[in-house]
Amino acid sequence: MKISVIGAGYVGLTTAACLTQIGHEVFCSESDAGKLHKLQGGIMPLFEPHLEQIIQQARSAQRLTFGSTEEAVDRGQAIFICVGTPPLKNGDADLSAIEAVARMIAKRSCGYRLVIEKSTVPVQTGAQLRKHLSVHNTNRLEYDVASNPEFLREGSAVVDFLHPDRIVVGVDSGRAAGLLREIYGPVIRQDFPCPVHAKCPPHDPPRFLVTDTNSAELIKHASNSFLAMKISFINMVANLCEVVGADVTKVAEGMGLDPRIGNAFLKPGVGFGGFCFPKDLQAFIRIAEKSGCDFSLLREVEKINERRIEHFLEKVRKELWVVRGKKLAVWGLAFKPDTDDIRFAPSIALLKALVEEGALIRAYDPQGTAKAKEAVPDVTYCSNPYEAAEAAEAILIVTEWDEFRALDWRRLASLVERRLIVDGRNMFDAADVTAHGFQYLSIGRSAVLPAARASATAEASSPMVTKA
Ligand code: UDX
């Protein structure tokens, strides 16, 4: 089927590439001329594992073309709208890009079009789309509108698209449902050449859930908000663990053994970031409150998350006594591993706060440095974690990149001014870190001194024993 994808961001580019991977011919548009030029020249505007390889293969097989929105509207019988819906100042989602596309489809298209909203949108956007298409319909356009929310995680978006646990489509006609079932057929059957696994392990076929558009739109916002709530819940429990001397890792493990809870998304840390959770949470709250519903539960989820950076900074200040003038290494800038995305990343808020306090920051991230430089220029950006650790009074871990798990500890110890790790993502087991002579602070767990210093400190702080 000839399919158009409008918007070449994380969602649009992944959708366009994966649709070619399952056999479709795709035209993908991008309104940003610079990004479009890069894409037409085979240059990736973002990092996402496996995406570049799929796009290169699809382009050389002439099954993926990049161009203008007008061309996309003219070419595809099915049109996936994957434009950005960033938050407005009041927290509402900015739907102006979607409205512009709807207007263009209505004015330019004739014949049948299946208009599919994949961008994350507030509930009842599908209804607005339908109304807009009819109001501006000049060429006797026949159309269906569908909601097909994406559940892609950055860093695993290709796998999430090709091996999903569910495909949700909100439709108002059997024709639309049938077309979407046809478009996703190879994914439903799990029958396509997998670009990720040479020998693809067997995957259960995803549930193809057909609902109305309002319900499909709500499934997305409710899912993301629930996941964000799990994270804020365990972060709240982590704070208590620090005070009462419990280990939040064990608490989360014990909770997760209950299949009704599950152990996913119970990792405490410096909070959730990215362009989805913070934005979707805000939009969901706004939708509910405008509908007269009390969503204060989610407002608390937001507040707990907003306090994570300050909580982490307090830990650093308490240990360093004075932050001003101190050299600090910050490992990790992207909002999560395996992506270069720094949008709403806890690291950015942390860098800004530390620079504000006069710390001298040396930062490193395997992918996110280029984008972080634009956001926080007055930081020294390094090309590896050891360079960032030079003369550091503390190493602050903000993103749990795998490469930080294979450290040359001896080299690290020779570089730092003080052997102190403050781990915002609980990457390590305390015993491993202290065995290398480093003091280790983390989230929801007790602070641990290196063995040698521990005994010295114990002696120093033990009550004076007067000789009988
Ligand atoms: C999320 C949803 O997972 C995905 O289904 C949806 O389509 C888009 O939003 P994404 O934002 O890419 O995906 O990343 P995700 O892996 O969900 O992590 C989001 C944030 O939560 C990251 O900052 C991560 O560090 C944080 N997180 C995640 C935690 O702090 N603890 C956890 O246990 C899991």
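Student: Which strands each supply at least two residues of the lining of the second largest cavity?

Tutor: Please keep in mind that this is a predicted model. The strands are strand 1 (2–6) and strand 2 (25–29).

Student: And which strand gives the most to that lining?

Tutor: Strand 2 gives the most to the lining of the second largest cavity, namely three residues.

Student: Which residues line the second largest cavity?

Tutor: The lining consists of Lys2, Ile3, Glu25, Val26, Phe27, Arg75 and Gly76. By class, three of these residues are nonpolar, one is polar and three are charged.

Student: How much space lies in there?

Tutor: The second largest cavity holds about 40 Å³ of space.

Student: How does one find empty space like that in the first place?

Tutor: A probe the size of a water molecule is rolled over the atoms, and this shows where empty space is left.

Student: How many cavities of 30 Å³ or more does the structure hold?

Tutor: There are four cavities of 30 Å³ or more. The largest cavity contains about 60 Å³ of space.

Student: What lines the largest cavity?

Tutor: Its lining is made of Leu39, Gly42, Ile43, Met44, Glu52, Ile55, Gln56, Arg59 and Phe66. Helix 3 (residues 51–60) gives the most to this lining, with four residues. Sorted by class, the lining has five nonpolar, two polar and two charged residues.

Student: What volume does the largest pocket have?

Tutor: Its volume is about 1300 Å³. The largest pocket is lined by 42 residues, and the closest to its centre are Arg153, Leu227, Phe265, Phe277 and Lys336. Two or more lining residues come from each of helix 7 (157–162), strand 7 (166–170) and helix 10.

Student: Which element gives the most to the lining of the largest pocket?

Tutor: Helix 10 gives the most there, with five residues. The lining as a whole has 18 nonpolar, nine polar and 15 charged residues.

Student: How many residues surround the ligand itself?

Tutor: The ligand is surrounded by 19 residues, of which Leu152, Glu154, Lys220, Lys267 and Gly273 are the closest. Helix 10 (residues 213–244) gives the most to this shell, with three residues. By class, the shell has nine nonpolar, three polar and seven charged residues.

Student: What lies 2.9 Å from an oxygen atom of the ligand?

Tutor: For Leu152, a polar backbone atom is 2.9 Å from an oxygen atom of the ligand. For Gly273, a backbone N or O atom lies 2.9 Å from an oxygen atom of the ligand.

Student: And what about Arg425, how far is its polar side-chain atom from an oxygen atom of the ligand?

Tutor: In Arg425, a polar side-chain atom lies 3.3 Å from an oxygen atom of the ligand.

Student: How much of the ligand does the protein bury?

Tutor: The ligand taken alone exposes 670 Å², and the protein buries 93% of that area.

Student: One more place, please. What is the volume of the second largest pocket?

Tutor: The second largest pocket has a volume of about 780 Å³. It is lined by 38 residues, and Gly9, Tyr10, Cys82, Val83 and Gly84 lie nearest its centre. Helix 1 (10–21), helix 2 (33–40) and helix 5 (96–108) are the elements that give two or more residues to this lining.

Student: Which of those helices gives the most?

Tutor: Helix 5 gives the most to the lining of the second largest pocket, with three residues. By class, that lining has 16 nonpolar, nine polar and 13 charged residues.

How values were computed
Residues are numbered from 1 along each chain as its sequence is written. This is a predicted model: local features need pLDDT of at least 70, side-chain atom pairs count only at pLDDT 80 or more; totals for chains, interfaces and linings use all residues. Side-chain values use heavy atoms; hydrogens and water are left out. A residue is near a molecule or strand if one of its heavy atoms lies within 4 Å of it. A polar contact is a pair of N or O atoms within 3.5 Å; within protein, one must be able to donate a hydrogen and the other to accept it, and residues adjacent in sequence count only if both atoms are side-chain atoms. Accessible areas come from the Shrake-Rupley method with a 1.4 Å probe; for residues, only the protein chains shown count as cover. Ala, Val, Leu, Ile, Met, Phe, Trp, Tyr, Cys and Pro count as nonpolar, Asp, Glu, Lys and Arg as charged, and the others, Gly among them, as polar. On a 1 Å grid over the protein atoms alone, a cavity is a set of points where a 1.4 Å probe fits but cannot get out, and a pocket is an open set with protein on both sides within 12 Å along at least five of seven lines; lining residues have an atom within 4 Å of a point. Grid points are joined across faces, edges and corners, and a volume is the space filled by probe spheres set on the points.
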